[in-house]
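Please consider the structure shown below.

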Amino acid sequence: MRPGQFARTILLGVLLTAATTKASDRCDRPQQRSISLSEHPSNGTHSVYVKGQVITTLRFEQPVDPSKTKLIGWEGRLEPLTVVGNKVILEPIRDLNRDEGLPLVVTLTDGTEVPLLVRPPWPKKDNDWAPIHDQQIDVFKNRDSYASMHASLMDALAQNNALTEENERYRKEENSIDHAYATLLANGQAKKTPFRFVASARPKDPDMEMVVEVYSGQGKAAAVIYMTNTGYADTWEFADAYLTRDMTRHTKQSFALRMTRSAIAPGQSGAIAVVADKSAFEKNGQFVDLALQIFRSDGNQQVLVRMDRTLIRQ
């Protein structure tokens with residue numbers, strides 16, 4: 001096959017879609033955590049992160065007074081507040097918008113008022129792509145109680161384990177040749193990599209001008225998405241990226257990703273580069289096609305790129 005024919009074949013295999021649908025199997029990660037109340041005013045109001053059609057339970061050490069427990073602005077957003085003994089149950093009808101925050105005041109039977117703010121899920125850190133929603137929150141008034149200290153210890157251990165894993169991931173990325181290639185590609189330095197340009201396409205989006213390029217490599221494949229925010233008001237924010245075999249999370253493959261910026265304000269441009277090793281394309285001893293999905297912060301899919309198995313050069 002002549003090079004021109006090869007490029008046209010790959011170009012037909014690059015499937016590009018605008019951000020019009022939700023990822024059906026892309027789930028925010030639930031979590032159980034604890035809150036220790038403080039009398040110090042500088043600590044502010046704790047947030048509760050909820051997801052549409054998913055129940056979040058707040059569990060207190062003492063019974064809750066239903067008549068004095070109020071959620072402001074819940075109509076059309078959440079089901080009526082439910083209080084059962086020492087538990088408050090929240091069930092959003094839909095996902096809250098990013099800028100929505102609903103004040104919640106929980107009053108215990110001893111008269112203690114606990115102010116909270118009900119918010120949509122959001123990443124804890126810029127590099128934590130999957131937003132987290134609360135499944136259960138244990139609220140402790142007495143910081144010195146056994147239950148409170150045990151919960152604090154468990155949280156500290158979990159945070160330590162997460163930091164250890166994160167540091168190990170950063171260490172591996174620093175020494176990863178694929179991450180180095182992705183950095184070069186994202187910064188427009190493809191000539192400094194061993195990849196060969198194969199094809200490009202321009203997906204349609206009313207608020208984002210995009211160019212997608214795919215590259216072939218020796219035992220590797222790559223894609224670069226260049227984006228310019230042509231909208232007039234909203235900042236585009238990166239949320240997630242999946243490289244899968246059949247559009248479901250359980251077939252997610254490992255890859256290297258680098259971006260020039262995770263948030264693109266109106267008029268700004270940015271780039272996302274992905275490098276995948278041939279092992280990601282292997283299934284039962286054969287190469288298969290993969291789908292690269294990029295999601296933005298509102299949960300919508302921004303672009304879908306078919307990573308054809310023929311991009312892998314032997």
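Helices (H or I, at least four residues) and strands (E, at least two) are DSSP runs, numbered from the N terminus. The model is predicted: local features need pLDDT of at least 70, side-chain atom pairs count only at pLDDT 80 or more, and totals for chains, interfaces and linings use all residues. Residues are numbered from 1 along each chain as its sequence is written, and side-chain values use heavy atoms, with hydrogens and water left out.

The loop between β2 (46-49) and β3 (56-60) holds glutamine 53. The phi of glutamine 53 is positive, near 65°, although the residue is not a glycine. Most residues other than glycine have a negative phi. With a relative accessibility of 67%, glutamine 53 counts as exposed; exposed means over 50% relative accessible area, buried under 20%, and partly exposed in between (1.4 Å probe, protein chains only).

Asparagine 284 belongs to the loop between β17 (282-283) and β18 (286-287), and its relative accessible area of 75% makes it exposed.

Strand β20 (residues 301-307) has six of its seven residues buried, so the strand is largely enclosed by the rest of the structure. Two strands pair if DSSP finds at least two bridges between them. Strand β19 (residues 290-296) runs antiparallel to β20, and six bridges join the two. Within this pairing, leucine 304 of β20 stands opposite glutamine 293. The hairpin of β19 and β20 has four residues between the strands, and in this hairpin glycine 299 takes a positive phi near 90°.
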